[in-house]
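Dear colleague,

I am passing on the structure that we spoke about, with the sequence alongside. Please look through it first; my notes on what was found follow below.

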Amino acid sequence: MMTKIREPIKKVGKDYIIYGMGNLFTKIAALLLIPIYTKYLSVNEVGVIAVIEMIEQLMLPFALAGLSNALWRFLGKRDKIHPNQVISSGFWGSTFIGIILFLVSIFFIPNIGRFLFLDPEEYWFLYPILLNVLFITSIRYIMRVLQFHRRAFLFSLISVCQLAGILGLSIVLVSQYKWGLMGIILAKSMVNGILFIPILLFMIIKYLSSFSSSIFKQMARYGYPLMPMTLALTFLNFSDRYFLNLFVPQNEIGIYSIAYRIGMIIQMFLVLPLYMSFLPMVFKIGVDSKSNKEIISDMMFYYSVLGCFLFLAVTLFSENLILLIATDVYITGLKFIPIILLAYFINGFRQFFMAVPALKDKTSQLGMIALAVIGINIVSNWFFISTFGTIGAAISTILSFVLLTWAVYLLSQLEQKIHWKWSRILICCFFAGAIFLLAQMLKLNCELNVYLINIAGLVLFPIVLRIFKVIGPKELKGIKHLFTSIQKKQN
């Protein structure tokens with residue numbers, strides 16, 4: 001008789017599929033903005049958009065201050081603290097920090113602009129960006145509440161509406177009113193501002209009276225040390241843009257940023273849905289029991305299989321993806337995509353290793369690891385980009401993610417041993433890499449149809465895993481069960 005898939009894995013799988021579908025629609029909306037960028041904006045302006053995204057991602061960790069992670073940790077302590085107090089204290093605390101950050105930053109607009117190598121006439125867009133950070137701070141906190149309570153459908157619905165609004169307004173302002181870069185920036189701030197208003201009213205009516213300064217202090221003590229970890233991810237995502245501004249032309253930054261978006265597909269469709277579904281579950285069930293350790297280990301193996309398949313799919317069809325969303329000017333960015341994909345695939349493993357230190361309240365140690373990797377990332381970006389140009393940014397990204405994931409793994413194992421299925425994971429990665437290389441050689445040396453080679457490579461991957469028993473009856477039954485459950489839920 002086949003081994004039944006365990007209940008926590010079922011729940012994570014169901015939530016993962018819903019988050020994944022929601023994330024798919026939101027990222028399709030985001031990808032649909034790329035043709036707008038490339039058609040109506042210059043390559044230099046596309047490079048400026050990359051700088052804008054860097055600003056937002058660098059400021060958000062300061063506004064949230066690790067309180068979104070503290071939210072999950074403290075909501076898990078239902079026997080000690082009332083959930084309403086946790087939600088209220090974290091929300092109003094993070095919103096207050098966001099307001100202070102916004103007001104202080106206004107006084108340093110010229111300094112920020114010069115630091116980012118912006119022209120004085122471009123300083124104006126920093127104001128709506130700072131306001132947007134304030135809006136996103138509150139929106140993301142409420143979304144974390146929905147994640148913890150497994151409201152995956154509502155979470156995805158809000159995300160889709162948010163991105164659809166930004167997409168629609170951007171198209172109107174850019175293509176119809178010819179507002180250019182201004183239209184892209186204002187569309188995001190306006191949509192997030194509209195979403196922020198009902199959230200603020202809801203929190204005032206339902207949760208304002210539940211605020212507790214003492215609980216906020218406890219959450220801050222837990223969450224603040226995690227801020228460097230959030231900053232580390234942001235630095236690894238965007239700090240290379242700063243050094244690219246120093247050493248390469250703006251048009252190359254635009255090409256790299258488009259390739260980077262495609263390379264982040266694993267982050268979009270696999271790592272983020274995993275983060276949304278897996279970590280809230282771990283904060284509820286813990287990692288102390290043997291069965292829970294096995295559950296976490298199984299989940300990481302499933303992640304590796306899906307990640308290898310997605311890596312193959314994107315790398316094999318990367319040229320088609322670029323031509324689908326951009327012009328042939330950006331085709332030179334093909335060489336960056338496999339490196340970026342691999343970097344984010346490796347980063348996904350960190351989500352599993354983070355569980356133990358976070359539940360053991362080792363947030364200070366996680367913060368120290370993150371600070372060390374941020375320092376290494378800055379040095380490696382300077383060295384590799386100044387030496388090798390744009391490809392150096394991709395090299396620095398994967399190096400930094402490897403170091404961050406490895407360091408968190410060591411801390412996790414030091415706190416509590418978990419038997420990870422490394423042999424099966426490595427075999428899976430080996431076959432994915434071998435099929436990728438084989439496909440590239442066939443494209444170069446044979447006259448076979450390129451699409452036929454790509455499709456054959458994708459089909460071959462699960463067949464090889466099944467032949468070599470990397471995946472077995474339990475995994476196949478689990479996947480079948482997940483899709484059956486989703487289908488029944490929809491009916």
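A contact here means heavy atoms within 4.5 Å. With that in mind, residues 24 or more positions apart account for 84% of the contacts in the protein chain with a separation of 6 or more.

Please keep in mind that this is a predicted model, in which local features need pLDDT of at least 70 and side-chain atom pairs count only at pLDDT 80 or more, while totals for chains, interfaces and linings use all residues. Residues are numbered from 1 along each chain as its sequence is written, and side-chain values use heavy atoms, with hydrogens and water left out.

The pLDDT, which is the predictor's confidence in each residue from 0 to 100, averages 81 over the protein chain, and 86% of the residues score at least 70. Confidence is highest in helix H17 (residues 390-415), at a mean of 94, and lowest in helix H20 (residues 473-490), at 53. Over residues 485-491 the pLDDT is below 50, and this stretch has five contacts in the model beyond near neighbours in sequence. Where pLDDT is low, the predicted coordinates should not be read in detail.

The protein chain has 20 helices and zero strands, where helices (H or I, at least four residues) and strands (E, at least two) are DSSP runs numbered from the N terminus. Of its 491 residues, 57% count as buried, which is to say under 20% relative accessible area, with exposed meaning over 50% and partly exposed in between (1.4 Å probe, protein chains only).

Two salt bridges were found in a search of the whole structure, the term meaning a side-chain nitrogen of Lys or Arg within 4 Å of a carboxyl oxygen of Asp or Glu. In one of them, the side chains of Arg-73 and Asp-361 meet at 3.0 Å, N to O; Arg-73 is in helix H3 (residues 67-75) and Asp-361 in the loop between helix H15 (337-359) and helix H16 (363-388), 288 residues apart. Arg-73 counts as buried, at 14% relative accessibility, whereas Asp-361, at 39%, counts as partly exposed.

Another salt bridge joins the side chains of Lys-421 and Asp-298 (2.7 Å, N to O). Because Lys-421 lies in the loop between H17 and H18 and Asp-298 in helix H13 (residues 290-316), this pair ties together parts that are 123 residues apart in sequence. Lys-421 counts as buried at 19% relative accessibility, and Asp-298 counts as buried at 4%.

With best regards
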